[in-house]
Amino acid sequence: MDYRLITNASDDSVLVRFEERIDPEIAGKVRQAGLLVSRARLPWVTDIVPAYNELLVVFRPGSVKPSEALLAVKEAIDMASEAEGYKPRLKRIPVCYGGAFGPDLPEVSRHTGLDPEQVIMLHSSARYLIYMIGFTIGFPYLGGMDHRLETPRLTVPRPKVPRGSVGIGGKQTGIYPLDVPGGWQIIGRSPVNLVDTAMMPPVLLSAGDYVEFFPIDEGEYSRIQEAVEAGRYSIEDLELGGSQ
Amino acid sequence: MTGCVRVIKPGPLSSVQDLGRPGAMAWGVPHSGAVDAVSLRIANLLVGNGQDAAALETTMGGVELEFLKSTVVAVMGAPGSVTIDGEEVGLGCPVEAKPGSVLKLGGISSGMRQYIAFRGGLDVPVVLGSRSTYLKGALGGLEGRALKMDDVLGVLPDGPCKGMCTLVEGFANPSLERDGEGRCLLRVTQGTMDARFLQGEIDRMLGSDYIVSTESDRMGIRLKGYSAKHSRGADILSGGIEPGAVQVPGSGEPIILASDRQTTGGYTKAFSVISADRPKLGQLRPSDIVRFRMVGIDDAYGAYVALESLISRCTIAIGGKGRMRTLKLSIDGRIYDVEVEEIA
């Protein structure tokens, strides 16, 4: 693979770095490298962490010499692979925009000069690539927001943003899986659970997959929320097929 | 589960920890676990537990626990007074506490954290493979939070436990090691973004004494001292954070990432503290002095193997026929605990 750097990042990790830019193609290479390392079933590996342009492979300290780990990871990703590429999946997430769930929708509308309805339409008609999961449990770094929706973060972050909140921060958009402090403009909320530590995997979203948001009204929000609480709601996985 | 201990005083910050939660980074779940893993592992060995049993991590002493049933306990870590019903028992000595007995951790003279191991190990639910508490994410441990007054903790059955142990004579806890000038020496390996610092800046960091800031916690140890200068700013495209990473944000003053480190981050990183020296982070307290020293990656591996060997040789079985040794055996990347008793 055409990575720029492969090296030990510590005595218990190997880093693979690709070209430094936010680009679905680069993210695809990172995802593919992660898949190859995972398929190599290196017994000492504990974590494979994809990011925008880097793959971090962490292993148990002392279980393998760092130089041997480096070589094994390099071999795994250099293998001229005829194996299938990663098949991204799409998850469609219901969002109740505006009102009490989206207190900053008026501000986003004012800043962008778009009607609230146009903001909702633009936000819910894009397909977002999950570049990575980080910052907090299950939090997706999404790419693909319409540039017309760009709105600066709040000048003073909120001490607590309710989980499920959907926000815009500068050029980014995302959904908060847990109650956390946050400075994004909150335009809506989803009744869906993004984190459930009793489930495997414990998070709804994973790097390399795609997300779409679709608008629901408050009645639908309540119905879905009840179903979620009763364990009767699940989001279907749509296969997008082929390598991205 | 039946209650084993009741918290009379939790101290400034006490939480249930084991050796952490590897394998969950891709979900954004931090590693967590004891910051001073060496002291936790040894405390467990002393009471006959496996090294990875869940124990109590306490901060700066000031803890009082009442036992609700007979329990073998041992304390390791920062030096300070450890009493049971007013009688000094000291660090590193397993003691059987009777129902109604009170264990007190007094003030500590140096270091930061103490680990109280209970025979059987603390019984809290396993979340994503670990009993460790991740405080910021309210995950694991006792309801995902720090302990408070009147909390009751249970222990698991001690069926799988081995005999109690004591420390070998003259054992010095490597987590508390200081150099001749009282500084904590942290060995580091080269980072992956040297070009993001101006020429010579990494060397200047390595040649400087740093002071531990009060704004340090289980997530990171903030340091005051030489501010490294970046070549292209401090912000990078967010990426996975390697264990031991030393972040350098815009201020130029380093932050050593510890157990509750976030899984990804957007600041430049100067180098990484080697795995063998990370347990020392658990014993750094505000105003301690830290010095970094660069070592090669093979030396870092060697240091970890040496640390494992030290832990395997640091305890002797009480009442056993001979010296007990626990060995860590790595076969195909899987690690096995092997116990050897010298009876000849």
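This is a predicted model: local features need pLDDT of at least 70, side-chain atom pairs count only at pLDDT 80 or more; totals for chains, interfaces and linings use all residues.
User: Let's start with the helices. Why are α3(A) and α4(A) called roughly perpendicular?

Analyst: The axes of helix α3 (residues 105-112) and helix α4 (residues 116-124) of chain A cross at roughly 95 degrees. Angles from 65 to 115 degrees count as roughly perpendicular, so α3(A) and α4(A) get that label.

User: And what makes the contact between α3(A) and α4(A)?

Analyst: On the α3(A) side you have A:Leu105, A:Val108, A:Ser109 and A:Thr112, and on the α4(A) side A:Pro116, A:Val119 and A:Ile120. Those contact residues split into five nonpolar, two polar and no charged. The two axes come within 9 Å.

User: On to chain B. How do you know that strand β10 is mostly covered?

Analyst: Buried means under 20% relative accessible area, and six of the six residues of β10(B), 113-118, are buried. B:Arg113, B:Tyr115 and B:Ala117 point one way, while B:Gln114, B:Ile116 and B:Phe118 point the other way. Both sets are buried.

User: Which strands of chain B pair with β10(B)?

Analyst: Strand β3 (residues 55-59) of chain B is joined to β10(B) by four bridges and runs antiparallel to it. Strand β5 (residues 71-77) of chain B also pairs with β10(B) in the antiparallel sense, over five bridges. Two strands pair if there are at least two bridges between them, so β3(B) with its four bridges qualifies, and β5(B) with its five does too.

User: What makes β1 and β3 of chain A edge strands?

Analyst: The open sheet runs in the order β1-β2-β4-β3, with antiparallel pairing. β1 (5-10) and β3 (45-50) each pair on one side only. On average, neighbouring strands of this sheet are turned by 20 degrees against each other, direction ignored.

User: How many bridges join β1(A) to β2(A)?

Analyst: Five, and β1(A) and strand β2 (residues 13-17) run antiparallel. One of the partner pairs is A:Leu5 with A:Arg17. Helix α1 (residues 24-39) of chain A packs on the sheet, touching β3 and β4 (54-59), and its direction makes about 25 degrees with that of β4(A).

User: Where is B:Asp85, and what is its phi?

Analyst: B:Asp85 is in the loop between β6 (80-84) and β7 (87-88) of chain B. Its phi is near 50 degrees, a positive value in a residue other than glycine.

User: What kind of peptide bond joins A:Met200 and A:Pro201?

Analyst: A cis one, with omega about -5 degrees. A:Pro201 is in the loop between β12 (185-189) and β13 (210-215) of chain A.

User: Last one: how many residues of chain B are in contact with chain A?

Analyst: 41 residues of chain B are in contact with 46 residues of chain A. About 3,400 Å² is buried between the chains, with carbon and sulfur atoms giving 64% of that. In chain B, B:Trp27, B:Leu237 and B:Tyr301 lose the most area to chain A, together 21% of what that side buries.

Key:
Residues are numbered from 1 along each chain as its sequence is written. Chains are lettered from A and ligands numbered from 1 in the order in which they are written. Side-chain values use heavy atoms; hydrogens and water are left out. Buried means under 20% relative accessible area, exposed over 50%, partly exposed in between (1.4 Å probe, protein chains only). Helices (H or I, at least four residues) and strands (E, at least two) are DSSP runs, numbered from the N terminus. Axes are lines fitted to C-alpha atoms, for helices over the stretch in contact, and angles run from 0 to 180 degrees between N-to-C directions. Angles under 35 degrees count as roughly parallel, over 145 as roughly antiparallel, 65 to 115 as roughly perpendicular and the rest as oblique. Contact means heavy atoms within 4.5 Å. Ala, Val, Leu, Ile, Met, Phe, Trp, Tyr, Cys and Pro count as nonpolar, Asp, Glu, Lys and Arg as charged, and the others, Gly among them, as polar. Buried area is the accessible area (1.4 Å probe) that two parts lose on being put together, summed over both.
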